[in-house]
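Please open the model in a viewer and follow the selections below in order. Each stop names what to select and then states what is found there.

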Amino acid sequence: MEEEKQTQSTEYSADSSRNHELMILLQQCGHFLYHRRNGGGGQRRILILLGRWEKEHGREEGMSQQELQRQLGIRSGSISEILGKMEAKGLLKKARLSSDKRKICIFLTEEGRDRLESKRAENLRTEAALFQRLTEEERQELRYLLEKLLNAWKTDFDFQLPQRREQGESGTLALAEAAEPKSFPEVGKEPPCGNI
């Protein structure tokens with residue numbers, strides 16, 4: 001009995017150590033990607049959302065500040081400051097709708113569209129550079145493992161992750177509302193969906 005407990009303790013330590021190493025590596029990858037991809041992140045996201053809106057509704061139909069704020073999930077004071085800076089740079093403009101003169105909306109300028117396209121091209125180059133050291137087989141395996149983890153986490157912790165981007169829209173994500181995660185399973189217990 002004592003020998004069995006010692007074996008379980010040793011296995012738990014080895015598992016704990018591997019899990020901890022994986023967490024550190026994932027955090028470091030996340031930190032790198034966040035800072036590499038999100039320089040001027042708020043402005044980049046606004047350009048992406050306005051570009052998508054324009055594609056779906058046409059250039060004549062601007063996006064309301066309230067709708068933009070809702071999609072970004074930020075406070076009105078924060079968005080006003082960012083929009084002011086972007087307007088000063090000539091990336092967007094605020095104007096009244098031709099169909100409803102009472103409503104002020106946000107529109108991309110030509111300079112804003114150019115910046116969005118250059119950012120998309122830059123994103124493609126960055127993505128190619130980030131994964132250049134992996135073979136096609138390794139990329140597929142990495143994708144498989146990450147999807148397996150994320151799908152299990154969505155189930156185990158009742159957490160809504162950002163939706164995948166539409167094919168062909170490089171660098172765009174449609175953000176979903178995130179639910180409160182369930183509590184983590186007890187250490188040593190199986191998560192609700194079984195092994196990950």
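**Stop one: a pair of helices**

Select helix H3 (residues 65–72) together with helix H4 (residues 76–88); in this predicted model, the two pack at an angle of about 110°, with their axes 10 Å apart. H3 and H4 are therefore roughly perpendicular to each other, since an angle of 65 to 115 degrees falls in that class. The crossing in which H3 passes H4 is right-handed.

Next, display the side chains at this contact. From H3, select Gln65, Leu68, Gln69 and Leu72; they meet Ser76, Ile79, Ser80 and Leu83 of H4. By class, the residues of this contact comprise four nonpolar and four polar, with no charged.

**Stop two: Gln65**

Keep H3 in view and centre on Gln65, which belongs to that helix. With which side chain does the side chain of Gln65 make a polar contact? The partner is the side chain of Ser80, at 3.2 Å. Now extend the selection to the other surroundings of Gln65: with neighbours within four places in sequence left aside, its contacts are Ser76, Ile79, Ser80, Leu83, Lys94 and Ile106.

**Stop three: Leu33**

Move to helix H1 (residues 2–37) and select Leu33, which lies in that helix. Leu33 has a relative accessible area of 38% and is therefore partly exposed, as this class lies between the limits of 20% for buried and 50% for exposed.

Notes
Residues numbered from 1 in each chain as written. Predicted model: local features only at pLDDT ≥ 70, side-chain atom pairs only at ≥ 80, totals over all residues. Heavy atoms only, no water. Helix = DSSP H or I, 4+ residues; strand = E, 2+ residues; numbered from the N terminus. Buried < 20%, exposed > 50% of the residue type's maximum accessible area, 1.4 Å probe, protein only. Axes fitted to C-alpha atoms, helices over the stretch in contact; angles between N-to-C directions. Parallel < 35°, antiparallel > 145°, perpendicular 65-115°, else oblique. Left-handed = near helix turned anticlockwise from the far one by under 90°. Contact = heavy atoms within 4.5 Å. Nonpolar A, V, L, I, M, F, W, Y, C, P; charged D, E, K, R; others polar. Polar contact = N/O pair within 3.5 Å; in protein donor to acceptor, adjacent residues only side chain to side chain.
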